Amino acid sequence: MQHAGDLFREHTRKLTEANISSALSILKSRTRAAQGVTQVVEELDKVLVLNNLLISLKNHPDSDRFAPGVGPVSLLGGEYDGDKKIDDLKLLFRAYVTDALSGGRMEESKLSSLNQLRNIFGLGKREAEAIVLDVTSKVYRKRLSQAVTGGDLEAADSKAAFLQKLCDELHFDPQKASEIHEEIYRQKLQQCVADGELDEGDVAALLRLRVMLCIPQQTVETAHSDICGTLFEKVVKEAIAAGVDGYDADIQQSVRKAAHGLRLTREAAMSIASKAVRQIFINYIKRARAAGNRTESAKELKKLIAFNTLVVTELVKDIKGESSDTSSEEPVKEEEKQVEEDEEWESLQTLRKIKPSKELAAKMGKPGQTEITLKDDLPERDRTDLYKTYLLFCLTGEVTRIPFGAQITTKKDDSEYVFLNQLGGILGLETQEIVEVHRSLAEQAFRQQAEVILADGQLTKARVEQLSALEKQVGLPSQYAQKIIKSITTTKMAAAIETAIGQGRLNIKQIRELKEASVDLDNMISESLRENLFKKTVDDIFSSGTGEFDEEEVYQKIPLDLSINVEKAKAVVHELAQSRLSNSLIQAVALLRQRNRQGVGSSLNDLLACDKAVPSKPLSWDVPEELADLYTIYLKSEPAHEKLSRLQYLLGISDSTAATLRETGDRVLAIGAEEEKFVF
């Protein structure tokens with residue numbers, strides 16, 4: 001059964017291959033007659049008839065009674081199976097599409113036939129669509145040309161409806177039709193600008209074509225920008241390539257002709273010119289950066305300024321159609337506005353110089369253009385660095401090196417500052433950015449010399465006069481100079497304060513005096529150093545020998561004065577109190593053995609101060625008699641009742657023993673005769 005089906009399919013394939021071979025033979029024949037394509041289509045129709053018959057038999061209700069293998073025609077396993085013959089099959093498919101559209105429209109029946117033929121030939125969907133699109137595009141162009149030349153399209157009430165109907169008849173994608181319209185418009189535009197400009201007749205013809213083909217305004221503008229823009233870009237590049245000496249009347253005339261003859265909008269023309277000009281600007285910048293020293297770098301920047309003034313400024317005027325002697329009032333108004341916004345233009349000496357006087361402006365000529373800048377091409381940091389380079393050149397002059405390592409500095413006049421102003425415009429720097437560069441440079445120069453004058457942080461009358469003279473010398477406004485002076489003296493003071501704290505020469509009383517004098521200690525002294533000062537202050541209280549401990553002073557006022565955390569301060573106090581408590585007892589006994597009564601009293605007071613901070617339990621000691629002697633000595637100092645009572649508790653002395661000690665008096669003298677002998 002399977003074998004019979006294979007034999008049947010092989011037979012139908014050979015019949016189909018015979019028709020295909022015949023069609024190819026006719027198609028490739030060099031002597032084929034005009035009716036050759038018709039014969040090719042007839043052969044292919046035979047294939048389609050056979051395919052339709054086989055499909056109808058396969059779909060018949062009694063198909064199981066027919067011979068096995070009945071079904072659509074397939075070329076698999078035959079002569080036309082494989083990539084070697086695919087090009088031949090594409091030729092046949094193209095011929096069939098061409099014939100289907102020969103009447104100027106695509107019938108629905110033909111669409112079905114083409115789909116079947118694609119399946120029989122084994123063509124991919126994209127391959128078949130590409131062939132159909134290519135053939136249909138040519139037919140669409142032909143019918144469109146006939147409609148235009150015959151006047152049918154222009155006479156139509158609705159051009160869009162006419163074109164849509166044409167697409168429907170050909171089963172052609174309207175989007176593809178729009179692409180053809182754009183291509184036709186571009187071809188027409190290229191023909192019109194072949195002489196370098198668009199005259200009124202060209203404009204009218206292009207408008208007529210645009211209306212007939214329903215081309216959107218955006219598409220028209222893009223086409224003009226691409227085609228006319230390319231021509232204009234060529235003219236601009238030739239103009240700027242001529243350099244500062246080559247921008248003559250002929251080039252000026254060619255720029256004006258291109259700018260206005262090509263009917264570009266001013267924005268489009270300026271955009272094209274800006275791109276070309278900025279590339280030249282960047283080349284100058286690269287050379288300036290690669291220069292070996294500041295003088296050489298400034299020379300390259302000066303070439304950039306000259307190029308902008310002599311070439312780019314004239315180029316912009318020619319694009320706008322302005323005459324060379326037209327005065328530009330707008331930049332002046334803008335400059336006045338900037339000056340009103342920022343009074344620092346008047347306070348900084350170097351800033352005043354970049355605004356030329358009337359005499360100097362007349363001498364220097366008209367300022368350069370500032371519409372084409374490098375604002376979007378370079379980061380702000382790079383632009384301000386370049387500006388600063390030229391500003392330093394203005395300040396220091398030109399340095400020329402001579403043999404034996406010497407150098408000669410040639411000072412420049414104020415005209416260099418005018419060039420500096422023009423450079424700021426080319427770099428696209430805002431007013432505030434320029435002010436900041438001038439101010440930072442003046443501040444830097446002032447600070448360097450002020451650091452030397454105020455080396456020890458002391459501000460005397462003589463030094464004030466010296467600093468005032470320095471202000472004028474570097475051209476720095478007084479308010480900024482005062483900030484720097486304050487910064488230096490504050491820094492020096494901070495260093496001195498930190499040193500004093502580290503060496504133990506500054507106590508809390510002096511800290512409070514400094515704060516009352518409005519000294520910002522929080523910023524001058526680090527937090528760790530302030531914490532150390534607090535610890536030292538508390539330690540001094542616990543070793544003062546007074547026995548006093550003011551909780552409000554220690555826990556609130558001192559931490560507030562030193563701007564430290566209260567809870568952290570309490571932890572420090574508790575730690576120190578616990579440590580000093582036992583040490584105070586040991587020290588008191590040691591002084592007792594040395595018969596230093598005054599020292600004993602002070603140590604016991606320290607013990608009481610620590611106990612007041614952190615209440616303690618009774619203390620233990622190996623020699624109870626020594627504790628009794630400590631109590632007796634403290635008793636003789638006539639302390640307050642509260643202190644004596646608390647000491648009695650801490651030393652573990654009972655009331656009866658305390659009473660006895662008060663009656664018996666002083667035993668300390670006897671202790672001296674019984675000093676322990678130490679063996680080493």
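Reader: Helices here are DSSP runs of at least four residues, numbered from the N terminus. In which helix is serine 274 found?

Author: The model is a predicted one. Within it, serine 274 belongs to the helix that spans residues 266–290. That element is helix 12.

Reader: Is serine 274 buried or exposed, and with which side chain does its own side chain make a polar contact?

Author: Buried residues have under 20% relative accessible area. Serine 274 has 15% relative accessibility, so it counts as buried. At 2.8 Å, its side chain makes a polar contact with the side chain of arginine 278.

Reader: How many disulfides does a search of the whole structure find?

Author: A disulfide is a covalent bond between the sulfur atoms of two cysteines. Over the whole structure, the number of disulfides found is zero.

Reader: Which residues line the largest cavity?

Author: The structure holds one cavity of 30 Å³ or more, and the largest cavity has a volume of about 30 Å³. Helix 23 (508–516), helix 24 (521–524) and helix 26 (551–562) each give two or more residues to its lining. The lining comprises four nonpolar and four charged residues, with no polar ones. The residues are Ile511, Lys515, Leu521, Asp522, Ile525, Arg530, Asp561 and Leu562.

Conventions:
Residues are numbered from 1 along each chain as its sequence is written. This is a predicted model: local features need pLDDT of at least 70, side-chain atom pairs count only at pLDDT 80 or more; totals for chains, interfaces and linings use all residues. Side-chain values use heavy atoms; hydrogens and water are left out. A disulfide is a pair of cysteine sulfur atoms within 2.5 Å. On a 1 Å grid over the protein atoms alone, a cavity is a set of points where a 1.4 Å probe fits but cannot get out, and a pocket is an open set with protein on both sides within 12 Å along at least five of seven lines; lining residues have an atom within 4 Å of a point. Grid points are joined across faces, edges and corners, and a volume is the space filled by probe spheres set on the points. Ala, Val, Leu, Ile, Met, Phe, Trp, Tyr, Cys and Pro count as nonpolar, Asp, Glu, Lys and Arg as charged, and the others, Gly among them, as polar. Buried means under 20% relative accessible area, exposed over 50%, partly exposed in between (1.4 Å probe, protein chains only). A polar contact is a pair of N or O atoms within 3.5 Å; within protein, one must be able to donate a hydrogen and the other to accept it, and residues adjacent in sequence count only if both atoms are side-chain atoms.
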